[in-house]
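The report below goes through a protein model, from its overall layout to its paired strands and the confidence of the prediction.

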Amino acid sequence: PPAPPPPASPGAPPSDIDELIARLHDEMDLEAQDDFDPHAPLTTPVDASRPKRAPVIVIESAGGIEFDPEIPSLAARFVGLAVDLAALVLFLLPGLLVARRDGSDLKFVMAGALCGIGFVGAMALYARGIAASGQWLGNRVAGTYVVDARNGAPLDTGRAAARWVMRFLMSPVFALGFLAALRDSQRRTFHDTAAGAVVTRAARETWSLADDRP
């Protein structure tokens with residue numbers, strides 16, 4: 001720091017700086033200014049206090065960051081599809097039986113109505129089961145679950161119903177919807193991707209020598 005200026009002699013007239021400091025004393029009337037010394041040496045930067053550490057930021061998530069689904073095999077996916085398809089055929093059976101009989105156009109209309117009712121009924125039961133536990137008939141047999149692909153949360157009934165419709169009305173077209181699972185790392189089919197879902201299985205139990213150590 002620069003050397004302090006020499007003190008003024010007792011008989012010397014006051015300088016402009018001294019007059020300005022005296023005016024500030026009179027206007028502000030602060031007690032802390034009583035000890036102010038304009039000729040004191042400047043403080044070094046190391047004397048300044050360091051800023052306090054910022055508080056810890058907590059980020060909450062719905063599980064999407066840590067969600068790592070266990071992907072079932074293609075055989076398990078096929079078993080689940082076969083069981084659900086068999087259940088759908090049972091729901092459509094009354095309409096199919098009416099359609100096989102020879103008769104007027106009214107019977108074909110009735111057959112179509114019965115098939116529609118059966119399809120919607122199966123869809124409603126499927127959506128409720130998926131929304132409640134992630135499983136319906138095929139999932140229970142194959143040991144799989146249908147969950148949200150982002151965070152593993154259960155699907156709502158609307159998305160589950162949409163997955164059912166696309167699964168049996170759109171994915172079977174040239175089998176392209178099912179073949180999409182062959183190129184997907186999570187084996188997601190067309191109806192899985194459209195509904196934002198992924199099929200998972202229960203995590204496998206692991207064992208190591210460290211588990212038996214006291």
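The model is predicted, and its mean pLDDT is 81, with 67% of the residues reaching 70 or more. Over residues 58-64, however, pLDDT stays under 50, and for this segment the model has 4 contacts beyond four places in sequence.

| Element | Residues |
|---|---|
| Strand 1 | residues 144-148 |
| Strand 2 | residues 197-201 |

Strand 1 and strand 2 run antiparallel and are joined by 5 bridges, and within this pairing valine 146 stands opposite valine 199 of strand 2. Strand 2 is mostly covered, since 4 of its 5 residues are buried.

For the protein as a whole, which has 214 residues, 24% of the residues count as buried. The accessible surface of the protein comes to about 15700 Å², and carbon and sulfur atoms make up 62% of that area. Turning to the contacts, among those in the protein with a separation of 6 or more, 67% are accounted for by residues 24 or more positions apart.

Conventions
Residues numbered from 1 in each chain as written. Predicted model: local features only at pLDDT ≥ 70, side-chain atom pairs only at ≥ 80, totals over all residues. Heavy atoms only, no water. pLDDT = per-residue confidence, 0-100. Contact = heavy atoms within 4.5 Å. Buried < 20%, exposed > 50% of the residue type's maximum accessible area, 1.4 Å probe, protein only. Areas by Shrake-Rupley, 256 points an atom, 1.4 Å probe, with all protein chains shown as cover. Helix = DSSP H or I, 4+ residues; strand = E, 2+ residues; numbered from the N terminus. Pairing = 2+ DSSP bridges.
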